[in-house]
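The sequence and the model come first, and the description follows.

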Amino acid sequence: MILPTPRAIQLTALAAPVGLALGVLKPAAWIVAPVWIGALLLLIVADALLARARDKGGVAMPATLNVGEEVRLHDDAHALRIDGPLERIAPGTYRAVRRGRATLTRVWRRRAGPMGLAWRQTSDRAQASSVILPDIRPVRDQGMRQFLNSVTSGQRIRRDHGDGQDFQVLTEFQPGMERRAIDWKASARHASLLAREFHTERDNMIVFAIDAGRSMSDPVGDLPRVDRAVSAALLAAFVALKSGDRVRLFSFGARPQVDSGSVTGARGFAALHRAAADIDYGTEESNYTLGLVTLDTKLDRRALIVLFTEFTDPTSAELMLAAAARMLKRHRLLFVLLRDTELEAMQGAVPEQADDLVRANVAHMLLRDRAIVIERLRRMGVEVIETVADAMALSLVERYVSHRERGK
């Protein structure tokens with residue numbers, strides 16, 4: 001394709017006033033303007049033909065990007081067509097705005113001719129993509145410090161000792177031990193207070209199930225709930241893999257979405273990280289029955305299911321409670337919820353107008369219904385973490401470490 005440069009456009013536009021001036025001074029001279037334009041067109045074509053075509057080199061895209069990260073793509077490309085969550089912020093520079101997969105489909109290149117009157121432009125198909133992953137760097141270091149300071153990591157002193165279910169050894173009762181660990185029969189036989197120590201269990205099955213329906217796509221602060229859930233799940237998964245447990249990442253909305261399968265070892269984290277990029281932002285209501293039943297059929301053993309979700313109306317809450325009751329027959333459940341700080345602020349604000357009073361009453365009713373659902377979950381035997389957005393990841397890691405220490 002041949003395109004005129006700004007210089008060619010300016011010279012062409014100059015033909016009009018020049019032709020007009022010559023026509024006023026000498027009417028027969030008006031012919032200069034069309035001759036001028038015709039000559040420029042010939043020069044533009046000749047200039048384009050003299051321009052050397054760009055090489056059809058591939059445009060390299062990084063294999064992975066973190067949300068918010070900027071990347072510069074191929075300096076000699078005039079324009080790129082990228083499908084996915086990459087936003088152009090400057091020529092050749094893009095920013096990853098959310099999770100997903102960015103695919104480069106076409107590249108346009110230009111080369112100016114020697115006279116600077118024309119560009120010779122080529123358009124080529126491209127096949128390159130980047131997986132955009134949640135950025136867990138801000139919480140990863142702090143989470144690992146929290147894990148390393150826990151009881152389970154003190155293996156140099158008491159390797160694999162904890163409060164699991166596998167009996168390890170009898171030892172003299174020490175201050176700080178729980179009374180339930182005392183073995184009264186053995187203590188009576190030996191005339192000394194003895195306590196049982198247990199293996200900290202390994203190879204537990206941990207499933208991080210993420211609701212990716214419409215309610216989870218709503219933002220909390222500057223990020224959707226589902227993005228915060230994915231970041232928290234990945235951090236906890238990293239700690240769980242380091243601890244020797246099996247981990248699975250699963251997501252669902254109106255229908256099941258992503259299933260990473262069961263992975264083990266620190267190397268398995270890369271598979272979870274990539275699977276997280278495919279968790280979509282749903283626009284339909286979540287189908288708890290289909291999602292959790294599908295997950296249950298994929299599990300061949302008892303597991304701890306960590307469910308990140310949000311409910312906004314009584315109907316969805318009832319469906320969620322019914323699905324949770326079915327899952328409790330085989331598995332342990334831990335619900336992770338974000339506190340609705342916006343509703344809390346509305347409820348606690350001092351009303352200045354009648355509308356403020358109405359908003360406060362509605363917020364109070366919604367928070368009351370939410371508290372009722374959470375209490376029903378707890379009475380069913382479901383553990384619930386309700387926390388602010390910034391504390392979600394570390395709260396989950398702390399609860400996981402506590403679960404593992406006690407073998408629950």
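## Aromatic contacts

The structure, a predicted model, holds three aromatic pairs.

| Pair | Centre to centre | Angle between planes | Arrangement |
|---|---|---|---|
| F238 and F269 | 5.3 Å | 75° | edge-to-face |
| F252 and Y288 | 6.0 Å | 70° | edge-to-face |

In the pair of F238 and F269, the ring centres are 5.3 Å apart and the planes stand at 75°. F238 belongs to helix α6, which covers residues 225–242, and F269 to helix α7, which covers residues 269–276, so the pair ties together parts that are 31 residues apart in sequence. F238 has a relative accessible area of 17%, which is under the 20% limit, so F238 is buried. F269 is buried as well, with a relative accessible area of 11%.

The rings of F252 and Y288 have planes at 70°, and the pair is therefore edge-to-face, given that over 60 degrees counts as such. This pair links distant parts of the chain: F252 is in strand β15 (residues 246–252) and Y288 is in helix α8 (residues 288–298), 36 residues apart. Both residues of the pair, F252 and Y288, are buried. F252 and Y288 also form one aromatic cluster together with F250.

A further contact involves a charged residue and a ring. Which residue lies over the face of F311? R370 does, at 5.5 Å from the ring centre.

Terms used
Residues numbered from 1 in each chain as written. Predicted model: local features only at pLDDT ≥ 70, side-chain atom pairs only at ≥ 80, totals over all residues. Heavy atoms only, no water. Phe/Tyr/Trp six-rings, centres within 6.5 Å; stacked < 30°, edge-to-face > 60°. Helix = DSSP H or I, 4+ residues; strand = E, 2+ residues; numbered from the N terminus. Buried < 20%, exposed > 50% of the residue type's maximum accessible area, 1.4 Å probe, protein only. Lys NZ or Arg CZ within 6 Å of the ring centre and 35° of its normal.
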